[in-house]
Amino acid sequence: MSPTFRALRNHNYRLYVAGTLVSNTGTWMQRIAQDWLVLTLGGGGTALGITTGLQFLPVLLLSPYAGVIADRFPKRRLLQVTQATMALASLLLGVLAVTGAAQTWHVYAIAFAFGIGSAFDAPARQSFVSEMVEPDELTNAVGLNSASFNLARILGPALAGLLIHALGDGSRATGWVILVNAVSYLAIIAQLQRMDLAQLHTPKPTGRRPGALLEGVRYVRSQPRMVLILIVVFFAGTFGMNFQVTSALMATETFGKGAGEFGVLGSAVAVGSLAGALMSARRVRIRLRLLLGSAVGFGVALVVASTLPTYLSFALFVPLIGLATLTMLNSANAMMQLTAAPELRGRVMALYMTIVMGGTPIGSPIIGYVGERFGARWTFAAGGVLTLVGVVVAVAVYARLTGGWRGLLAEVRRREERPLEDAVPESVQAS
């Protein structure tokens with residue numbers, strides 16, 4: 001089997017990837033249909049913003065506690081519950097839209113309920129990957145997960161647009177698309193049920209005790225590599241990964257284009273992300289300099305994008321941004337999981353997801369103000385420069401925690417000379 005797909009040798013992981021591809025495609029279909037439903041109900045940009053905010057607010061507020069839950073209960077069962085919860089939310093919204101009873105406040109309420117399910121789903125899903133595959137396959141599995149997600153990101157919106165148009169463009173049409181998403185959850189629920197439990201590397205669930213959340217925070221603070229990763233992804237996520245805002249400003253204000261050209265930019269980023277995910281899946285070693293190098297590449301790419309003179313040159317260049325983004329995030333994700341003790345992995349990944357996603361409500365208004373005040377090009381330039389600043393800060397903090405710059409260089413050199421499986425702590429190998 002090709003090294004790109006070596007994790008698919010695992011029976012349980014094959015089931016998981018097949019189920020998530022179907023489910024992720026349905027999720028992307030609903031994202032388009034939900035936004036279109038809000039618009040057909042008379043909402044505008046503000047209503048769309050409220051819907052998105054309500055859907056992501058529970059993720060930011062509840063993810064740390066969701067990590068505690070992920071460590072206390074079997075993740076396979078927890079995922080089945082969270083997927084069923086989101087399926088019910090989609091089913092309710094779809095029925096309301098198809099029957100013509102949907103109102104904007106219904107969308108708000110169901111988006112919030114959907115977000116609660118997502119908050120508890122994310123840390124369990126992230127940490128469950130390491131239970132399905134061997135430690136030396138984890139980087140490959142993380143890359144294939146990203147490839148599946150980005151393939152769905154390409155397919156889902158296109159399918160949603162075709163179905164909505166074919167069914168009449170109204171709220172009822174969006175309802176049928178949302179119902180398709182509700183049914184798509186059955187794929188992953190069924191695949192989780194079919195797994196061979198004997199092949200899962202399931203750690204012993206932690207018991208209920210006070211201070212479990214703080215225990216996870218203290219653990220992360222005691223790990224210099226994790227601290228470095230979180231600083232890098234915080235700066236990149238907060239100031240650099242606001243492509244929906246920055247590309248919209250570039251397309252409309254700088255190049256004078258419309259919605260169609262803006263959509264092309266989104267697809268171009270997805271193509272670059274898919275390529276980055278497949279390249280990450282081929283790697284058999286995990287390197288600290290890969291994370292730092294891809295973060296620097298991401299920052300530089302944003303700065304270069306801010307200088308491009310035409311829409312065509314910009315559209316041809318943005319796949320590199322997607323490539324750098326996915327390389328950085330996949331490296332960070334795999335390194336966090338590989339260095340986390342099994343009994344703390346849910347809490348560790350919950351904190352990681354909170355940092356990655358939590359900066360968006362902070363960074364988006366700032367980047368939006370920069371674009372309004374100084375022009376769209378400065379949104380890319382500012383995001384790129386601040387991402388590079390984040391890399392410098394992360395390296396400086398890491399050097400301080402590991403005994404100075406000589407200690408940092410020695411650590412980088414030592415880690416990179418060993419293959420991935422040799423760099424995994426014994427506690428993780430034993431899981």
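Which helix gives the most to the lining of the second largest pocket? Read on through these close-ups to find out. This is a predicted model, where local features need pLDDT of at least 70, side-chain atom pairs count only at pLDDT 80 or more, and totals for chains, interfaces and linings use all residues. Residues are numbered from 1 along each chain as its sequence is written, and side-chain values use heavy atoms, leaving out hydrogens and water.

**View 1. The second largest pocket and its lining.** Helices α1 (11–40), α5 and α10 (259–282) each supply at least two lining residues, and α5 gives the most, with four. (A pocket is an open set of points on a 1 Å grid where a 1.4 Å probe fits, with protein on both sides within 12 Å along at least five of seven lines; lining residues have an atom within 4 Å of a point.)

**View 2. Helix α5 from end to end.** Meet residues 138–166: these 29 residues reach 41 Å from first C-alpha to last, close to the 42 Å expected at 1.5 Å a residue. (Helices are DSSP runs, H or I, of at least four residues, numbered from the N terminus.) After α5 comes G168, with a positive phi near 115 degrees.

**View 3. L61 in helix α2.** L61 counts as exposed because its relative accessibility is 52%; exposed means over 50% relative accessible area, with a 1.4 Å probe and protein chains only.

Terms used. Buried < 20%, exposed > 50% of the residue type's maximum accessible area, 1.4 Å probe, protein only. Expected span 1.5 Å × (residues − 1).
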